[in-house]
Structure formats: structure tokens, C-alpha cells
Amino acid sequence: QVQFAESGGGLVQFGGSLRLSCQASGMNLDFHGLGWFRQAPGKEREAVSCIGWTSGSSYYGNSVKGRCTISRVTANNTVYLQLDNLNAGDTAVYYCATFSAWPGAIDHWGNGSLVGVSS
């Protein structure tokens, strides 16, 4: 059974930064990857960023490109998402997920972490 330990959500000031972490256990991530989607109130779920576990290749959605960095620690199946220069559009629930192909083949979903950006 795949389990996720997600942390780093909360209330952050406009223009500030946040760092989310997600540790996945119970799954071999070789030829898979970890990433984040987010869903803002009243909006569809959006693919934010991901990283291939074996390759280390990364992807960034247009809304975060240039102010987002994803990284991984393969030894403990943990992925980190750093998002800078936060704005109101970043307010959302952020979901960690394992994938076979991004963004269409998601294997498992985390429970989500709420991030709010205050002015």
C-alpha cells in the first residue's frame, strides 16, 4: 500500500516562498516519478511540476515556470517543491502524486496540503 507523508502547507504572505515535501513509501519509484497537482476553489486540477525518479528530468507548468524548483532525494523517496514570489493564484490544495507518465497516468494520490497566500 502506497502512503504519502506531505508537509509544508499553510498560510504564506504574498511575495513569499513555500517549500512542500512529500515522501512516498510502499512503492518502487524506478521508471516512475513524483510530482504535484493543485486545485484552487472553483477551478480544475492543474499539473504544477514533476520529476522523473530515475532520470531526474523535470517539468513545470506555465503558471509556475521561472519561480518553481522541484528536487528529489532518491534515498528516502522524497520530493521537494520550492515555489517563490507567491501570488493569490497560488492559493490551492496541493496534491502529491506518483506517476507513470505525466500528467495523464497517475498511479497514486496523496491527501493534499492546503496553501493560502495572504496579502
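**Figure 1. Surface and charge of the protein chain.** The accessible surface of the protein chain comes to about 6,000 Å², and 47% of that area belongs to carbon and sulfur atoms. The model is predicted. Side chains with a charge number 7 positive and 7 negative, and the centres of the two sets lie 5 Å apart. Buried residues account for 43% of the 119 residues.

**Figure 2. Overall fold of the protein chain.** The chain has 11 strands and zero helices. Its radius of gyration is 13 Å, close to the 14 Å that the globule rule gives for 119 residues, so the chain is as compact as a globular protein of that length. Along the principal axes, the C-alpha atoms fill a box of roughly 40 × 25 × 25 Å. Of the contacts between residues at least 6 apart in sequence, 55% join residues at least 24 apart.

**Figure 3. The aromatic cluster.** Ring pairs link Phe37, Tyr59, Tyr95, Phe99, Trp102 and Trp109 into a cluster. The count of aromatic pairs comes to five.

**Figure 4. The pair Phe37 and Trp102.** The ring centres of Phe37 and Trp102 lie 4.7 Å apart with the planes at 40°, so the pair is tilted. Phe37 belongs to strand E4 (residues 33–39), whereas Trp102 sits in the loop between strand E9 (92–101) and strand E10 (105–109), 65 residues apart. Both residues are buried.

**Figure 5. The pair Phe37 and Trp109.** This aromatic pair is also tilted, at 4.9 Å centre to centre and 55° between the planes. It links strand E4, which holds Phe37, to strand E10, which holds Trp109, 72 residues apart. Phe37 is buried at a relative accessible area of 7%, while Trp109 is partly exposed at 38%.

Technical notes
Residues are numbered from 1 along each chain as its sequence is written. This is a predicted model: local features need pLDDT of at least 70, side-chain atom pairs count only at pLDDT 80 or more; totals for chains, interfaces and linings use all residues. Side-chain values use heavy atoms; hydrogens and water are left out. Helices (H or I, at least four residues) and strands (E, at least two) are DSSP runs, numbered from the N terminus. The radius of gyration is taken over C-alpha atoms; the globule rule is 2.2 Å times the number of residues to the power 0.38. Buried means under 20% relative accessible area, exposed over 50%, partly exposed in between (1.4 Å probe, protein chains only). Contact means heavy atoms within 4.5 Å. Accessible areas come from the Shrake-Rupley method with a 1.4 Å probe; for residues, only the protein chains shown count as cover. Lys and Arg count as positive and Asp and Glu as negative; His and the chain ends are not counted. The place of a charge is taken as NZ of Lys, CZ of Arg, CG of Asp or CD of Glu. Rings of Phe, Tyr and Trp (its six-membered ring) pair if their centres lie within 6.5 Å; planes under 30 degrees apart count as stacked, over 60 as edge-to-face and the rest as tilted.
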